[in-house]
Amino acid sequence: MKRIITLLSLVFLVLGIAGARDKDSYVKITAGPYVTNVTGTSFTVIFTTNMDAVGWVEIAPDDDTHFYNVERETWYDKRGLGRKPIGKTHKITVSGLEPGTTYRYRAMTKGVLEQEHRKSIVYTEGYGTDLKKHPCKVTTRKENYDKLCFSMVNDVHSADSVFRKLYADARNKYDFVCFNGDMLSSVDSEAMIMSDYMKSAAKLFADRTPIHYVRGNHEYRGNDALKLYDYIDTPGGKTYYSFTYGDFFFLFLDGGEDKCMSDVRNLDIMITEDYVKEEAEWLQQQIQSPEFKNAAVRIAFCHMPPQPKGWYGNATVHKYLAQPLDKAGLDLMLCGHIHKFKQFKDEDTGVSFPVVCNANLERMDVTVTKNEIRLEVFNPDGSKIRNLAFPVKRQ
Ligand SMILES: [Fe+2]
């Protein structure tokens, strides 16, 4: 009897190991896909896999043909510089598209079980997003907009359950969603970027609605802080950038850390003042650009509000970013950081354009026309708690 039990145990053990090996040999998409840096002619798709893999994207027009009707265009991660990168994070830019056009896309992957230098690579079976359960579509930026609707959230600090409530009804609702900094308290691990908010964003809206990311002071922190930009794509590749939607001009600014560079809590690792100075030079070029000069509406996002008498970070934003924008003419600056709603007085910000902070864990929906910028703020229960508008002075 004892022998039979021992034999059966061995059989179950072997089956268990085989089952586990089997499971590990299947590649899966663990988070995403979501879209970012959606221009008039291109978009970037990001997703992660459970194992090292090659990722790619297939695209099709948004027509009545089956996705499998013909060979579809295939796009790979160009970070491999001529070789398909093998990894768990996949960032694929599709280009050469038509403005204001909707495309279907499919995130695809093939796991890599073994690599033996130049001899062989052993792949798993291929895997892709389910065409029926998860049809992904994205619309390239149009050339003209009479009205633009976007949403902003900030200072989520990894409160994913609240974030999911705020964006439960967000699918196909906005032209873009801006994450205005401090989405987590510290990038302690790369995995947190997906698990703490991006995975939810992808499920709720971002497989179709582009994300614009603004780096907050907390995104400078943590061992994996620099990996954040493997999960975001920006025009120009910096953390500060501009985007135009027709006549509407948007600046996404990086205010750096909130404390002086020598502060002991900066761990002798921050050089954000130099970075913001470099950004200020870029900002001068933006201000001189015909797109900025001719824009009907100009809005800037910056995590920390300008306050010349405030913390180092607020004073830096005022000195290098807000002052030049005040001279050039800005319609509104949208900020976060202080964890409460606030519409500042000019004497606090040292500038004449309106500055509004959105509270943490509240959602600000914004509608822009050539005459007005309207802000509506919602709490996690979906109740509208604020409604205010700023007339656009420049015509
Ligand atoms: Fe902050």
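## Lys119 and Glu116

Lys119 is exposed, because its relative accessibility of 68% is over the 50% cut-off. Its salt-bridge partner is Glu116, at 3.9 Å from N to O. Glu116 counts as partly exposed, with 38% relative accessibility. This is a predicted model.

Arg221 sits in the loop between strand E10 (211–214) and strand E11 (241–245). Glu257 sits in the loop between strand E12 (248–253) and helix H4 (272–288).

Are Arg221 and Glu257 buried or exposed? Both are buried. The pair also belongs to a network of salt bridges. Asp258 and Lys259 are linked in that network with Arg221 and Glu257.

## A link between distant parts: Asp62 and Lys137

Asp62 forms a salt bridge with Lys137. The closest N and O atoms lie 3.1 Å apart. Asp62 is in the loop between strand E2 (43–61) and strand E3 (73–76). Lys137 is in strand E7 (residues 136–139). The partners are 75 residues apart, and the pair links distant parts of the chain.

Asp62 is partly exposed, with a relative accessible area of 35%. Lys137 is partly exposed too, at 27%.

## Charges over the whole chain

How many salt bridges are there in total? The count comes to 20. The protein chain carries 52 positive and 52 negative side chains. The centres of these two sets lie 4 Å apart.

## Fold and overall size

The protein chain has seven helices and 19 strands. Its C-alpha trace spans about 85 × 55 × 45 Å along the principal axes. The radius of gyration is 23 Å. That agrees with a compact globule, because 395 residues packed that way would have a value near 21 Å.

Among contacts in the protein chain with a separation of 6 or more, 69% are between residues 24 or more positions apart.

## Inside and outside

Of the 395 residues, 52% count as buried. Arg221 and Glu257 are among the buried residues. The protein chain exposes about 19000 Å². Carbon and sulfur atoms supply 51% of that area.

Note on methods
Residues are numbered from 1 along each chain as its sequence is written. This is a predicted model: local features need pLDDT of at least 70, side-chain atom pairs count only at pLDDT 80 or more; totals for chains, interfaces and linings use all residues. Side-chain values use heavy atoms; hydrogens and water are left out. Helices (H or I, at least four residues) and strands (E, at least two) are DSSP runs, numbered from the N terminus. The radius of gyration is taken over C-alpha atoms; the globule rule is 2.2 Å times the number of residues to the power 0.38. Buried means under 20% relative accessible area, exposed over 50%, partly exposed in between (1.4 Å probe, protein chains only). Contact means heavy atoms within 4.5 Å. Accessible areas come from the Shrake-Rupley method with a 1.4 Å probe; for residues, only the protein chains shown count as cover. Lys and Arg count as positive and Asp and Glu as negative; His and the chain ends are not counted. The place of a charge is taken as NZ of Lys, CZ of Arg, CG of Asp or CD of Glu. A salt bridge is a side-chain nitrogen of Lys or Arg within 4 Å of a carboxyl oxygen of Asp or Glu.
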